[in-house]
Amino acid sequence: MSALTAAALERALGDPSDPKTLFSYARCAELDRAEAFPEAICAELDRLGLPRQYVPEEYGGALAGLQELADLVRVVARRDLTVAIGHAKSYLGAACVWTAGTPEQARALADRLSAGAPVSWGLTERAHGSDLLATGLAAVPDASGGHRLTGEKWLINNATRGELVCLLARTDPAGGPRALSLFLVDKDRLAPGAHHCLPKQRTHGIRGADISGIAFDGALIPADALVGEAGHGTETVLRTLQLTRTVCTALSLGAADHALRQAAAFAAGRELYGGRLARFPHVRRTLGRAHATLLACEAVSLVANRSAGALPGEQSVAASVVKSFVPERVDALIADCGELLGGRAFLTDVHEHGTFQKLARDHRVVGIFDGNQAVNRNALINQFPVLARRYREGRVDTAGLAAAVAPGSPLPPVAPGRLELVSRGGSSLVQNLPSAVAALRTAEGTDPRLLSLAERLLDRCEALHGELAALRPARIASARAFDLAEEYEACFAGAAVLHLWLAGGGPPARPEPGLRAGPELWRDGLWARAALAAVLGRRDQEPGDGAESDALYDAVEAVGAAPAPVAAAGEETR
């Protein structure tokens, strides 16, 4: 069976604007009001074979690279985030087994997952939140060779629905770096009364999701439930998060697709003050800036996804950057689109079944998944010394970088064992920025506007690394260090845009409704200019006079933002 493509999945799911379609906007709005889990929709995703895309090829699945997986998650997320989060959680729950499990564990899990068994990932606890080193769930060795679990995990996605749950537990009460271990627990194999699920928590967004918990009372789990070596749980989780954080940005891109589609369609059709809303300069500027922001987010997400295979030793940097940068920028994009929709952005029934207010609520949780922005920036801050040193040395993995920024080129399969807890090579993408700008200067026909933005990016990058080199490490990061982490994210994103442009990759392709890559977007590097301007500025502070956003919107309007035609028959799989 061939791998499912994003285009095939989009087509198989049908027209979301048709209320008769199972996975429709109307149906998702109804489920949200009832705070009901989308069981039937998830069952349809199972039938279409999406769970198989969560399983690596070596274990009989279809998962080769993160970008293909992200494309599929994005298709689901642009229809409804609750469905995407509820279903894709199984990949997050299984990923630790792909990282550190035995071949026997991995194959057994692959069979269950491919058959549609939900898998959950239990990391957080009521008293400890994201402080994983403070984990209280205890796993005490038993004479049988297994362990007995006592304690609870809380605010866990699919804790109740999940047939299996991957848990981080304390195996050494004395503490220390080797105190935690991972276990894959099959709830059906637990003795009656040894565990119970905690009540579903009502949430502001993703109201239908199973956000609950699980508690254990001396539950005996067998020896083969241990994932990886005892005491290596924290290390395995940190490596796995480099993959899951990267894929999570597909949720944001899907939400951005949905928000931008609604805002653009509304502006194009709304008559106000004697004219079409889309003709007003402020509206055009806002939509242009939103398109530019999405292009920038696509660029950094694409490079981060490809880096997992091309530059695995540097993924600790890429994952922290992309998980902080993309959700924050998409939150701003959604706010801009909501401003254009006005009151309709808050209505629950009148405009497109109230899906805009739902996606705005739902997306706010994406920034929290797998470590919030503060957690990711702190992970980046911990790598400042090596980032500053490698930038000064100009160290670049040339072959790996070339593969990461060349969409469509072959990549080695993602091998979690090649991921490193801390990048020893820094970030080749950022460290190659001086060479990239030099290449742009000498390239024939370079548009001076693009070169000006690239040089501005380089100036900021040089200043940033000068400050990083002077920053003294501290046990608790300073507020200034967090500011510098935000600036590093912008430099990484800008470098992603510039490297993609130089490599001829162009704007990241969208396998669905949205921007169509045509000559209008290529002319004079328009997409790259607009994306760089979005990266270098903040909301309402675009460099210059906003001309890049205006030009981008003009080009998008000329191309047309209507849904792209579906793939021809016979293209369902690749």
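This note walks through some aromatic pairs, charges over rings and backbone angles in the structure.

1. **Ground rules.** The model is predicted, so local features need pLDDT of at least 70 and side-chain atom pairs count only at pLDDT 80 or more, while totals for chains, interfaces and linings use all residues. Residues are numbered from 1 along each chain as its sequence is written, and side-chain values use heavy atoms, with hydrogens and water left out.

2. **Aromatic pairs.** A pair of aromatic rings is described by the distance of the centres and the angle of the planes. Rings of Phe, Tyr and Trp (its six-membered ring) pair if their centres lie within 6.5 Å. Planes under 30 degrees apart count as stacked, over 60 as edge-to-face and the rest as tilted. The structure holds three such pairs. Two are described here.

3. **Tyr 54 and Tyr 91.** This pair is tilted, with 6.4 Å centre to centre and 50 degrees between the planes. Tyr 54 lies in the loop between α3 (39-47) and α4 (66-79), and Tyr 91 in helix α5 (residues 81-100), so the pair ties together parts 37 residues apart in sequence. Helices (H or I, at least four residues) and strands (E, at least two) are DSSP runs, numbered from the N terminus. Both Tyr 54 and Tyr 91 are buried. Buried means under 20% relative accessible area, exposed over 50%, and partly exposed in between (1.4 Å probe, protein chains only).

4. **Tyr 59 and Trp 98.** These rings are stacked: 5.8 Å centre to centre, 25 degrees between the planes. Tyr 59 is in the loop between α3 and α4 and Trp 98 is in helix α5, so this pair links parts 39 residues apart in sequence. Tyr 59 is buried, at 15% relative accessible area. Trp 98 is buried too, at 10%.

5. **Charges over rings.** A charge sits over a ring if NZ of Lys or CZ of Arg is within 6 Å of the ring centre and within 35 degrees of the ring normal. Arg 79 lies over the face of Phe 23, 5.6 Å from the ring centre. Arg 126 lies over the face of Trp 154, at 4.4 Å from the ring centre.

6. **Positive phi.** Most residues other than glycine have a negative phi. Leu 155 has a positive one, near 60 degrees. Leu 155 is found in strand β3 (residues 147-157). Its relative accessible area is 42%, so Leu 155 is partly exposed. Phi of Ile 206 is also positive, near 35 degrees. Ile 206 lies in the loop between β6 (195-198) and β7 (211-221). Is Ile 206 buried or exposed? At 2% relative accessibility, Ile 206 counts as buried.
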